[in-house]
Amino acid sequence: MAETTAKATLSIHGKTVELPVYSPKVGPDGVDIRKLYAEAGVFTYDPGFTSTASCESTITYIDGDAGVLLYRGYSIDELAEKSHFLEVCYLLLYGELPNAEQLEDFELRVTRHTMLHEQMQGFFRGFRRDAHPMAVMVGVVGAMSAFYHDSTDISDPWQREVAAIRMIAKMPTIAAWAYKYSIGQPFVYPRNDLDYPSNFLRMCFAVPAEDYEVNPILARAMDRIMTLHADHEQNASTSTVRLAGSSGANPFACISAGIACLWGPAHGGANQACLEMLREIGTVDRIPEFIKRAKDKDDPFRLMGFGHRVYKNFDPRAKVMKESADEVLGLLGVEDNETLQVAKELERIALEDEYFVSKKLYPNVDFYSGIILEAMGFPTSMFTPIFALSRTVGWISQWKEMIADPNQKIGRPRQLYIGAPQRPYVEVEHR
Ligand code: CMC
């Protein structure tokens, strides 16, 4: 438990209540309001949880004003440069960087779990060809609880561990197969001699008719995309996973709920929405028209890939992603591509525009990730599934932490009811 350092006093309706204040290792203090209703008979009101901590956590730390993101204390810039995704997975899951032997053992365990139960192919084939791959992922991941019964008992730490490894290992296969199905190509099985990002790229782009060689620069860029998206503390999808898990639901069901939440355009769906927006803008001369719309209060249009609930200075992931984008586009020789021209000009204008500067709206991670993924050959519909497969380790680490937390309770927010007070039923002929 974080240290209690002080007490806050709340006076309301003639009552005074003392509330403990906790100081976490870093970051602002938190007022403990758990006994507020019992002692003062009032609730707090905080839509969107902008001032509410839902748990204690040791996994990820964000300082939105300073543009800092740490996984288990290590900065995202350093991890993106020196580490790689599976090592980051180990770090997030177990709290420390692995030694060489631990890393080898972990990589072997993940590699040995990448295949899917053969009967699950029937599940994929049950979807319409034009189903969005996120819809397929929500369904298939939820269905894993019907295929892997030996890792659904959440009270057994070993089963929780196996479920975690299974999900990290199988998610690239699921995402790649959702893609293959949508384009009418045969499923490509995983290969144990390839590393995690290369295996995913091969399962997406190989066909039985010819060999597919993974370009190491693209594999490295994919690894970085995965690393940068691996966790982001209590965002909407992670909170969804925790909330679903708080009722004791099995881990596959919880991650499926997280995928559903991630799909929304304000969250993981933003990378797809951003690229579609860039295409809709089409040419540099049309940018001012869209900037004008983004500023117009009566127009629901927002510049996708800009702004963040927590980062109000810059998104540290965007910085690394921008470097990666330059590298990949250089390699593929697509710097002159029209969408990219629009992206660069939009970024330049928005960073200078008074509206965006004063509201602290900067390009976020999704602004650049979509550009890289498109250059790699992914259709926009695959952008969010790639975010989902990268975030799986974060979701499962947070879920494991929650299950082991002695303060964990079923999530059950309260409400301020503003509907009709109790009234008598009126027979239909009298309405
Ligand atoms: N374009 C235009 N105006 C914006 C934008 C934008 N992208 N984002 C925020 N604003 C304005 C907003 O209209 C509001 O103005 P006012 O104060 O005059 O009412 C002000 O900025 C604050 O916005 P907010 O909606 O209160 O901020 P929020 O913290 O609730 O929203 C956000 C954060 C990410 C949902 C929002 O910035 C947004 O919708 N961005 C576009 C979608 C996007 O790129 N999402 C990806 C986030 S990064 C990946 C992830 O974590 O999933």
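This is a predicted model: local features need pLDDT of at least 70, side-chain atom pairs count only at pLDDT 80 or more; totals for chains, interfaces and linings use all residues.
Residues are numbered from 1 along each chain as its sequence is written, and side-chain values use heavy atoms, with hydrogens and water left out.

**Entry 1: salt bridges**

What joins Lys400 and Glu161? I found a salt bridge between them, with the closest N and O atoms 3.0 Å apart. By salt bridge I mean a side-chain nitrogen of Lys or Arg within 4 Å of a carboxyl oxygen of Asp or Glu. Lys400 lies in helix 18 (residues 383-404) and Glu161 in helix 7 (residues 157-182), so this pair ties together parts that are 239 residues apart in sequence. My helices (H or I, at least four residues) and strands (E, at least two) are DSSP runs, numbered from the N terminus.

Next I looked at Arg279, which forms a salt bridge with Glu374; here the closest N and O atoms are 2.5 Å apart. Arg279 sits in helix 12 (residues 270-281) and Glu374 in helix 17 (residues 365-376), so the pair links parts 95 residues apart in sequence. I also noted that Arg279 is partly exposed, with a relative accessible area of 42%. I then saw that salt bridges with shared partners join Asp105, Arg109, Glu161 and Lys400 into one network.

My search of the whole structure gave 19 salt bridges. One of them brings together the side chains of Lys319 and Asp77 (3.2 Å, N to O). Since Lys319 lies in helix 14 (residues 316-332) and Asp77 in helix 2 (residues 76-82), the pair ties together parts that are 242 residues apart in sequence. Lys319 counts as partly exposed at 42% relative accessibility, and Asp77 counts as partly exposed at 30%.

I found an open sheet of 3 strands in the order 4-5-6, with antiparallel pairing. Its edge strands are strand 4 and strand 6 (74-75), each pairing on one side only. Two strands pair if DSSP finds at least two bridges between them; strand 4 and strand 5 (residues 68-71) have 4, in the antiparallel sense.

**Entry 2: the ligand**

I counted 22 residues around the ligand, and the closest are His267, Lys297, Arg302, Leu303 and Lys359. A residue counts here if one of its heavy atoms lies within 4 Å of the molecule. By class, the shell has 10 nonpolar, 6 polar and 6 charged residues.

Which side chain has an N or O atom 2.6 Å from an oxygen atom of the ligand? Lys297 does. For the side chain of Arg302, I read 2.9 Å between an N or O atom and a ligand oxygen. A polar backbone atom of Gly305 is also 2.9 Å from an oxygen atom of the ligand. The protein covers 76% of the 940 Å² of accessible area that the ligand has on its own, by the Shrake-Rupley method with a 1.4 Å probe.

Methods:
A polar contact is a pair of N or O atoms within 3.5 Å; within protein, one must be able to donate a hydrogen and the other to accept it, and residues adjacent in sequence count only if both atoms are side-chain atoms. Ala, Val, Leu, Ile, Met, Phe, Trp, Tyr, Cys and Pro count as nonpolar, Asp, Glu, Lys and Arg as charged, and the others, Gly among them, as polar. Buried means under 20% relative accessible area, exposed over 50%, partly exposed in between (1.4 Å probe, protein chains only).
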